[in-house]
Amino acid sequence: MTSHEHHHEPAPSGDHAGCCEGHKPAANQQRFDTTPPGFTGVVYTCPMHPAVRQAAPGSCPICGMALEPEGGALPEADADTELSSMTRRLAVCALLTAPLVALTMADMLPGRPLDALLPAPASKWAGVLLASPVVLWGAFPFFQRALASLRTMRLNMFTLIGIGVGVAYIYSVVAAFAPSIFPLAFHGEGHGVAVYFEAAAVITTLVLLGQVLELRARRATSGAVRALLSLAPRTARRISADGAETDVAVEDIRPGDKLRIRPGEKIPADGVVLEGESAVDESMLTGESMPVLKKAGDPATGASLNGSGGLVIEARKVGEDTVLAQIVRLTVAAQRSRAPIERIVDAVSAWFVPAVIATSVVTFILWSMFGPDPAMAFALVNAVAVLIIACPCALGLATPMSIMVATGIGARSGILIRNAEALETFEKVDTLVIDKTGTLTEGKPRLVYLEAIGDVGEAELLAAAASVEASSEHPLARAIVDGARDRGLAPAPAATQFASFTGEGAQALVAGRTVAIGNEKLMQRIGASAPAFAEKADLRRRNGETVMFVAIDGRAAGLIGVADPVKPTTPEALANLRRSGLRLIMLTGDARPTAEAIARKLDIAEFRAEVSPQDKYKIVQELKRAGARVAMAGDGVNDAPALAEADVGIAMGTGTDAAIESASVTLVKGDLKAIARARALSRATMRNIRQNLFFAFAYNMLGVPIAAGVLYPIFGLLLNPMIAAAAMSFSSVSVIANALRLKRQPI
């Protein structure tokens, strides 16, 4: 079954019990699937509710969140439409809200200093002018979603926002234009009935801020797929039956086509080599830092980079069937997840909103029937007070404010956190899967060993070898040349009569002497074997090095060892992670001997060698199915699917864009020690979020009954809507202040 087919199947009712009636999953799917029959364009769906599908961008009728393109489709204009709209609304609303808040605060100062410049009646109309655009235009998307939630009876966060903003604004408009309907007890000294335009405006502006932050994070995650798709070349050179060669678009390649791959070009499709020999860099797909020699009969993988040789391949898999396309699909599928903490408010809203509305209605009825004169005015004011004090501003800020503060702290510490899911899950992680190349190691081969024999000195040996390798782009050759340069050695005179021996090495004439560099096969063929060196080479290989022999004029001259060094901070970081109770598993595309050497050196008990990107993805899936909470650390494109599938994906900032965009946590300096700091930040943030949510819920549970007037029969106390608005504002300030306490959290 293809990924595309999977998205069209009805979701099992048990998976979406909270949004669809379990006994009619098919009917509900049809109810929320508005795509025309036979539609082949981009389908937009909700990550939380796959039953919602439509042919254009919009919001989910169940939870209200913005829909996303299904599969790997990423139309830039559509993807940015809502973010641009929300950002524009936020900027305008913030400009209008700031003077409104300043005006309201000035009225609370002793002596009301602004009265001389702006009398109370004028101040009231200024509130109308400033708040009306904010509410009627800025909050318009929230009202749309609130109405949609009421139509479908799927009450959510936007239901609360719509009611809170709408009631605060409507109450204030009525108070401004018809103050006489309110009892005298609620008239200030010569200033009429208090209005709450600032409450409606502030709620709208803060909710818009939260929406912008969420949309930015979601747009960033789509960058992983864009980075993966950018690996594929745009065109290919196709060889026709008569031998003619033409450049064609990659989309026009068909299985069986013969393609010429010139030096330095990317391979456009998965296939098999028909002619030629070349070293191909597959690191973007396999994680293996060493290029792989390709000759006739060997497989060729699309998006890998050809070296200095020419190849002719036969295309076998094209388009959606290539390895790269599979990686894209896996990454997209893994990214379609939401943190449970982000759904708490919606879940509670299912009973909280009806309860508040019912309380407001009951309050109005009871006060109109049994309240003192004027009973209807008291009933209206108290019903409004219930709705104002139950405003969801604090509830909506509880999570995003903590996340915003935590991500800022992380950024200053070199830890980039993508979303709340990572912060929520990181504290529960018990298994850390680590890619080797570029994560545990530096990802760049370096000269690490040099030994000369006989009358040839080490400097002379290295200079001669560097001359032979100077014109090669092979990573091993670059390591030798860079090693000579780091030691202050100028390469010997330029090599001439260069000859390459497939699978063995190379030979050239340097300053009148024949210099050969390669493996044992080359040494045996030219009669330069040295048994003592062979034993040393085996020892070096067991340490994870790639060993090359050097011969000058047919005699063994020395050994050169190249390796991908372990990062200096890796041993300490792994020791700290082990002490914290994490289970460590190393994954690598390298051969088993190299993997064993690195695992032994770093005291890693569990490792998997020769794994493909799909293998890494499947290993993470298997660990999760076994009940583990998995974090995956990696740096390559080949790690992108596993990073996205893991409960927490951790990318090295020194790695590829695809890995960084797929991960939910990025370590800017590529230092594994930051993982422990990220876990500490996760624990502190989640504790802070739980405190905020508890306070927001407790505030509403206590405030609503008081606003309804339960204290009036005993103490004769009523909650003025102005006090209710102040209490609502205080709850928001308290949540923000508590979130700011995270700045004092040591990590």
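Let's start with D257 and R238, whose side chains meet in a salt bridge at 3.2 Å, N to O (a side-chain nitrogen of Lys or Arg within 4 Å of a carboxyl oxygen of Asp or Glu). The pair links distant parts of the chain, 19 residues apart: D257 sits in the loop between β7 (245-249) and β8 (258-261), and R238 in strand β6 (residues 235-239). D257 is buried at 16% relative accessible area, while R238 is partly exposed at 25%. Here buried means under 20% relative accessible area, exposed over 50%, and partly exposed in between (1.4 Å probe, protein chains only).

## About the model

This is a predicted model, where local features need pLDDT of at least 70 and side-chain atom pairs count only at pLDDT 80 or more, while totals for chains, interfaces and linings use all residues. Residues are numbered from 1 along each chain as its sequence is written, and side-chain values use heavy atoms, leaving out hydrogens and water.

## More charged pairs

Side chains of opposite charge can pair when their charged atoms come close. A search of the whole structure finds 19 salt bridges. One of them joins E572 and K673 (3.8 Å, N to O). E572 lies in helix α20 (residues 570-579) and K673 in helix α25 (residues 673-708), so this pair ties together parts 101 residues apart in sequence. Helices (H or I, at least four residues) and strands (E, at least two) are DSSP runs, numbered from the N terminus.

## Helix α22

Helix α22 (residues 613-625) has 13 residues. Its buried residues include Y617, I619 and L623. Just after α22, G627 takes a positive phi of about 100 degrees.

Key. The expected span of a helix is 1.5 Å times one less than its number of residues.
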